[in-house]
Amino acid sequence: YVLTAVFLVLTGVLDDCLCDIESIDDFNTFKIFPKIQKLQERDYFRYYKVNLKRPCPFWADDGHCSIKDCHVEPCPEVCIRYCTVGKGCLAEQLEAFIDWARYDDSQDHFCELDDERSPDAQYVDLLLNPERYTGYKGPSAWRVWNSIYEENCFKPRSVYRPLNPLAPSRGESFYTWLEGLCLEKRVFYKLISGLHASINLHLCANYLLEETWGKPRWGPNVKEFTRRFDPIETKGEGPRRLKNLYFLYLIELRALSKVAPYFERSVVDLYTGNGHEDAESKALLLEIFRDTKSFHMHFDEKSMFAGDKKGAKSLKEEFRLHFKNISRIMDCVGCDKCRLWGKLQTQGLGTALKILFSEKEIQNLPENSPSKGFQLTRQEIVALVNAFGRLSTSIKELQNFKVLLQQTR
Ligand SMILES: *[C@@H]1O[C@H](CO)[C@@H](O)[C@H](O)[C@H]1NC(C)=O
């Protein structure tokens with residue numbers, strides 16, 4: 001009974017949102033997952049430009065990890081051709097980038113923008129570098145998450161996180177503290193916790209099971225999953241974190257449904273230089289938007305920042321700065337592969353937040369000219385779709401663990 005305990009707890013209604021987990025599972029499995037999977041394989045979405053060489057701004061780098069699986073495969077020939085020599089990314093940059101860059105400077109970003117023109121920025125083929133178990137752990141990995149929770153989640157030092165090894169007690173006061181927070185700050189914590197859960201879930205689902213004659217075999221590791229998420233082994237933390245994963249999924253889902261009008265305009269093109277491909281990618285993306293709209297149990301962000309105007313504005317600003325700082329902490333992740341996916345997922349979430357707080361601007365976009373009030377860079381679009389793709393995959397993987405655990409029983 002211990003093994004399936006996590007799924008006994010993980011059911012029903014989510015806090016701060018009128019949604020139930022079962023409906024989200026069904027919606028994701030049958031509607032979203034197959035389509036987003038297909039979308040992520042298209043050229044426009046598989047090449048992500050990222051600077052993995054920015055130094056950590058907060059503490060001295062303890063050197064990059066040398067574990068083989070932390071390594072990021074460089075862009076292969078075809079990707080380089082597509083991205084630099086061919087018409088693909090370069091043409092797009094020449095036409096739109098100058099305008100965008102000028103515009104970007106004036107926007108409220110939730111993330112630290114990587115300097116896309118820096119010589120250190122490179123295109124990465126995401127399909128060649130799947131997010132999976134790398135063996136990266138220990139003090140360096142712990143420090144990153146610890147500084148996120150301790151220094152960036154509105155948490156006073158005197159309140160200890162549950163399971164924090166440094167906590168004098170067992171961190172029981174944490175949830176009392178969390179419930180006492182305003183909705184926005186509680187949401188912030190849940191988003192970070194959901195992201196953390198999602199990343200850990202991928203590591204469990206794509207674990208290095210064995211390696212014979214240099215040939216690795218990757219797959220789900222039930223023991224690792226139980227260690228990280230079982231309610232008894234984690235003193236109830238595991239299911240709570242998984243609920244936060246669902247919450248994060250709903251937030252990003254909401255952002256996708258809100259940003260649809262931006263992409264529905266004919267002036268927006270998912271440009272790779274191949275007109276036929278581009279039209280197909282766009283059609284698929286719009287189909288996903290339609291699905292997100294057909295799902296009725298959304299998080300209602302209207303209740304966020306709804307206080308008096310001045311208070312709401314400063315709270316939103318605080319929220320944004322905290323989040324931006326977290327995106328900078330990603331430059332402190334010592335394992336390149338983890339850094340890549342950490343940066344992509346924080347940028348995706350940052351883009352989702354930017355969308356949610358730009359509702360008015362998105363509704364007032366002109367049909368046939370470049371948008372002044374709201375703009376997304378290619379990097380943001382790629383991050384948004386892939387980050388949501390990761391969450392969709394996590395929820396799918398969770399279903400798979402449910403089956404595996406029942407079999408083990
Ligand atoms: C940003 O994060 C670092 C590292 O956790 C922390 O020391 C710093 O106080 C944070 N800054 C802000 C403005 O939150």
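The chain exposes about 18500 Å², of which carbon and sulfur atoms supply 54%; accessible areas follow the Shrake-Rupley method with a 1.4 Å probe. Of its 409 residues, 57% count as buried, meaning under 20% relative accessible area. The model is predicted, so local features need pLDDT of at least 70 and side-chain atom pairs pLDDT 80 or more, whereas totals for chains, interfaces and linings use all residues. Residues are numbered from 1 along each chain as its sequence is written, and side-chain values use heavy atoms, without hydrogens and water.

**Overall fold**
- The chain has 15 helices and 4 strands, taken as DSSP runs (helices H or I, at least four residues; strands E, at least two).
- Among contacts (heavy atoms within 4.5 Å) between residues at least 6 apart in sequence, 80% join residues at least 24 apart.

**Strand 1**
- Strand 1 (residues 47-51) has 5 of its 5 residues buried, so it is largely enclosed by the rest of the structure.
- Tyr47, Lys49 and Asn51 point one way from strand 1, while Tyr48 and Val50 point the other way.
- Strand 1 runs antiparallel to strand 2 (residues 121-125), with 5 bridges joining them.
- Tyr47 stands opposite Asp125 in strand 2.

**Helices 8 and 10**
- Helix 8 (residues 183-205) and helix 10 (residues 237-264) pack at an angle of about 105°, with their axes 7 Å apart.
- Helix 8 is therefore roughly perpendicular to helix 10 (65 to 115 degrees).
- The residues of this contact divide into 11 nonpolar, 4 polar and 2 charged.
- Among them are Leu191, Leu195 and Lys190 in helix 8, and Phe247, Ile251 and Arg241 in helix 10.

Notes: Axes fitted to C-alpha atoms, helices over the stretch in contact; angles between N-to-C directions. Parallel < 35°, antiparallel > 145°, perpendicular 65-115°, else oblique. Nonpolar A, V, L, I, M, F, W, Y, C, P; charged D, E, K, R; others polar. Buried < 20%, exposed > 50% of the residue type's maximum accessible area, 1.4 Å probe, protein only. Pairing = 2+ DSSP bridges.
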